[in-house]
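Me: I would like to go through this model with you. Could we begin with how its strands pair?
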Amino acid sequence: MKQGRGRRSCFHPMSSLLSCLLLFFFCLLGSAHAYKNYTVGDSLGWFDNTEKSNVNYQKWADTKQFTLGDFLIFNTDTNHSVVQTYNFTTYKECDYDDAQDKDTTQWSASDPSNTQTHPVTVAIPLMKEGKTYFFSGDYDGDQCRSGQHFQINVTYGEGLPKSLKAPEEDAPSPAGAVSGDDDSAPDTIVPANFNHPKDEESDDDDKASDKQNSTSFSVSVSAQLHLVLLGTLLFFL
């Protein structure tokens, strides 16, 4: 009785290797970092829990990865403020009146005396690595103690984009910055010509440079991949 031929397998060592190489190639192309904008609280906006009972900004922040050059977008109104500090004591006390060393910035000042409130959007760049704290300092800290606060950890990522590295002398400073020792002051002044927030750097030179670097990188990886594929084909011939 004649033995039948075994079924031919569709698996081939070369096809498996080629698949792995292609997967590696596309992973490299997709690994580029893009600067991100994070809307604080998402659709809930930036309010204390007397207005939005289900806000939990720390829980929101814990699900994100923040890097230098990212922006936080605060959607709030004129009855709430946005205070950024690098001082844990200031954050814990919900009070920036006695903040020292210029480590605290009030980006948006509220007007509790005004009976009519208006929507306000505040965009804050992340300019310094490490712990950063945010809270509303209004009503003697009551809003802060009512859930309007959170802390984040900022990592280096790709570093600051060029447009955030060299502030111009005539750049407008944030509202109500706390004065103090200049030596320890974080760089939180946004350049006047910085058109942000958006997903990538806004500077045309940066875009051209990034495109050129991306193209060079793609060509380099593509050339190496072709060499590997050619060597593999020659090996199996």
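Reply: In this predicted model, strand 4 pairs with strand 5 (residues 104-108) in the antiparallel sense, over four bridges.

Me: Which residue of strand 5 stands opposite Thr85?
Reply: Thr104 of strand 5 stands opposite Thr85.

Me: And how many bridges join strand 4 and strand 7?
Reply: Three bridges join strand 4 to strand 7 (residues 130-135), and the sense is antiparallel. Within strand 7, Phe134 is the bridge partner of Gln84.

Me: Which way do the residues of strand 4 point, and are they buried or exposed?
Reply: In strand 4 (residues 82-85), Val82 and Gln84 point one way, while Val83 and Thr85 point the other way. All of them are buried.

Me: Changing topic: how many residues are in the largest nonpolar core?
Reply: The largest nonpolar core has 26 residues, and Leu72, Phe74, Phe150 and Ile152 have the most contacts inside it. At least two residues of this core come from each of helix 2 (57-62), strand 3 (71-77), strand 6 (119-125) and strand 8 (149-155). Strand 3 supplies the largest share, four residues.

Me: What is Phe74 in contact with, leaving aside neighbours within four places in sequence?
Reply: Phe74 is in contact with Val40, Trp46, Val82, Val120, Thr121, Val122, Ile124, Phe134 and Phe150. Of these, Val82 belongs to strand 4, and Phe134 is the residue of strand 7 that bridges to Gln84.

Terms used
Residues are numbered from 1 along each chain as its sequence is written. This is a predicted model: local features need pLDDT of at least 70, side-chain atom pairs count only at pLDDT 80 or more; totals for chains, interfaces and linings use all residues. Side-chain values use heavy atoms; hydrogens and water are left out. Buried means under 20% relative accessible area, exposed over 50%, partly exposed in between (1.4 Å probe, protein chains only). Two strands pair if DSSP finds at least two bridges between them. A nonpolar core is a set of buried Ala, Val, Leu, Ile, Met, Phe, Trp, Tyr and Cys residues joined through side-chain atoms within 4.5 Å. Contact means heavy atoms within 4.5 Å.
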